[in-house]
Amino acid sequence: MDLLVQATGAALDSLHQAALADPGAPTPCTRWDLATLVRHLTDSTAATRELLAGLPPGPPPQPGCAPARHELHLLRATVRDLPRDPAHVRWAAALLASYELTLHAWDINQATGCRTPLPPPLVEALLGYAPLVLDGVDRTDLFAAPLPPPRPDHSTDRLLALFGRHAEPAPRDPDRTTHAP
C-alpha cells in the first residue's frame with residue numbers, strides 16, 4: 001500500500017504541469033494526447049479506489065486535471081482507511097495500480113516537458129516487484145515489448161524499458177510499435 005501512496009504522489013506531481021499544458025499535446029502513448037492520458041489516469045484511479053474499497057463501479061469521472069487530482073486524493077484516503085488485515089487488502093490491484101500511476105506520471109511529464117524524475121525509492125521498489133507483474137503475462141494491449149535500457153545502471157531507465165518506454169522521448173512515428181496506454 002505504501003507503493004500506491006508513493007505512486008499517487010508521483011501522479012499528483014505530474015498533474016501540476018499537465019494543468020498548464022496544451023490538452024492536445026502528444027504523449028509517449030502515441031495513440032493518446034495529453035487530455036486522453038489524463039482521462040485514462042482518472043478512470044484507472046477511480047476503478048482502483050472502487051476495487052480496493054469493495055464498491056460497485058460508479059459513473060465515469062469528469063475529464064480534466066482537477067477531477068484526476070480529486071480521484072487521486074480519494075484513492076489516498078481509501079488506502080489510509082483500509083483495514084490492515086492482509087485478508088481484506090487486494091494486493092494485486094494495489095501493485096498494478098502503482099505501476100500504472102507511476103508510468104503514466106512519467107508519460108504526463110514527458111508530454112508537458114517536465115523533466116522531474118520519478119522518486120528513486122518508488123522506482124527501486126517497482127523494479128523489485130516487476131517480475132511478479134511481467135513474468136508470463138501476455139503484454140498485448142498492456143505494454144510494448146521490453147526495450148534495452150539506454151543506461152542499464154540507471155534504475156528509471158530500466159523500469160521504463162521493462163514496460164516498453166524509451167527513457168528519452170523517441171521521435172513520434174505513427175507506424176512504430178507503441179506501448180499500450
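Biologist: What should I know about the numbering and the model before we start?

Modeller: This is a predicted model, where local features need pLDDT of at least 70, side-chain atom pairs count only at pLDDT 80 or more, and totals for chains, interfaces and linings use all residues. Residues are numbered from 1 along each chain as its sequence is written, and side-chain values use heavy atoms, with hydrogens and water left out.

Biologist: How many helices and strands does the chain have?

Modeller: Helices (H or I, at least four residues) and strands (E, at least two) are DSSP runs, numbered from the N terminus. Here there are six helices and zero strands. Read from the N terminus, the order is α-α-α-α-α-α.

Biologist: What share of the residues counts as buried?

Modeller: Buried means under 20% relative accessible area, exposed over 50%, and partly exposed in between (1.4 Å probe, protein chains only). By that cut-off, 47% of the 181 residues are buried. Areas come from the Shrake-Rupley method with a 1.4 Å probe; for residues, only the protein chains shown count as cover. The accessible surface of the chain is about 9200 Å². Carbon and sulfur atoms hold 59% of that surface.

Biologist: What part of the contacts links residues 24 or more positions apart?

Modeller: Contact means heavy atoms within 4.5 Å. Take the contacts with a separation of 6 or more: 72% of them join residues 24 or more positions apart.

Biologist: How do I describe two packed helices?

Modeller: Two packed helices are described by the angle between their axes and the distance between the axes. Axes are lines fitted to C-alpha atoms, for helices over the stretch in contact, and angles run from 0 to 180 degrees between N-to-C directions. Start with α1 (residues 2-18) and α4 (residues 91-112): their axes come within 8 Å and cross at roughly 20°.

Biologist: Which orientation class does that pair get, and which hand?

Modeller: Angles under 35 degrees count as roughly parallel, over 145 as roughly antiparallel, 65 to 115 as roughly perpendicular and the rest as oblique. So α1 and α4 are roughly parallel to each other. For the hand, a crossing is left-handed if the near helix is turned anticlockwise from the far one by less than a right angle, and right-handed if clockwise. α1 passes α4 in a left-handed crossing.

Biologist: Which residues make that contact?

Modeller: On the α1 side they include L4, A7, T8, A11 and L15. On the α4 side, L101, A105 and I108 are among them. For classes, Ala, Val, Leu, Ile, Met, Phe, Trp, Tyr, Cys and Pro count as nonpolar, Asp, Glu, Lys and Arg as charged, and the others, Gly among them, as polar. The contact of α1 with α4 has 13 nonpolar, seven polar and no charged residues.

Biologist: T8 is in that list. Is T8 buried or exposed?

Modeller: T8, in helix α1, is buried, with a relative accessible area of 1%. Beyond its neighbours within four places in sequence, T8 is in contact with L72, L75, R76 and L101.

Biologist: How do α4 and α5 cross?

Modeller: The axes of α4 and α5 (residues 120-134) come within 10 Å and cross at roughly 125°. That makes α4 oblique to α5. The crossing is left-handed. L95, L96, S98, Y99 and T102 of α4 meet L122, L126, Y129, A130 and V133 of α5. By class, that contact has eight nonpolar, two polar and no charged residues.

Biologist: At what angle do α5 and α6 pack?

Modeller: α5 and α6 (residues 155-162) pack at about 25°, with axes 9 Å apart. That makes α5 roughly parallel to α6. Their crossing is left-handed. Residues in the contact include V123, E124 and L127 of α5, and R158 and L159 of α6. The classes are seven nonpolar, two polar and two charged.

Biologist: What does L160 touch?

Modeller: L160 is in helix α6 and counts as buried, at 0% relative accessibility. Not counting residues up to four places away in sequence, L160 touches L103, W106, R165, H166 and A167.

Biologist: Where do L20 and P28 lie?

Modeller: L20 lies in the loop between α1 and α2 (34-53). P28 lies in the loop between α1 and α2 too. L20 is exposed, at 70% relative accessible area, whereas P28 is buried, at 18%. P28 and N109 are 81 residues apart in sequence and 9.8 Å apart, C-alpha to C-alpha.
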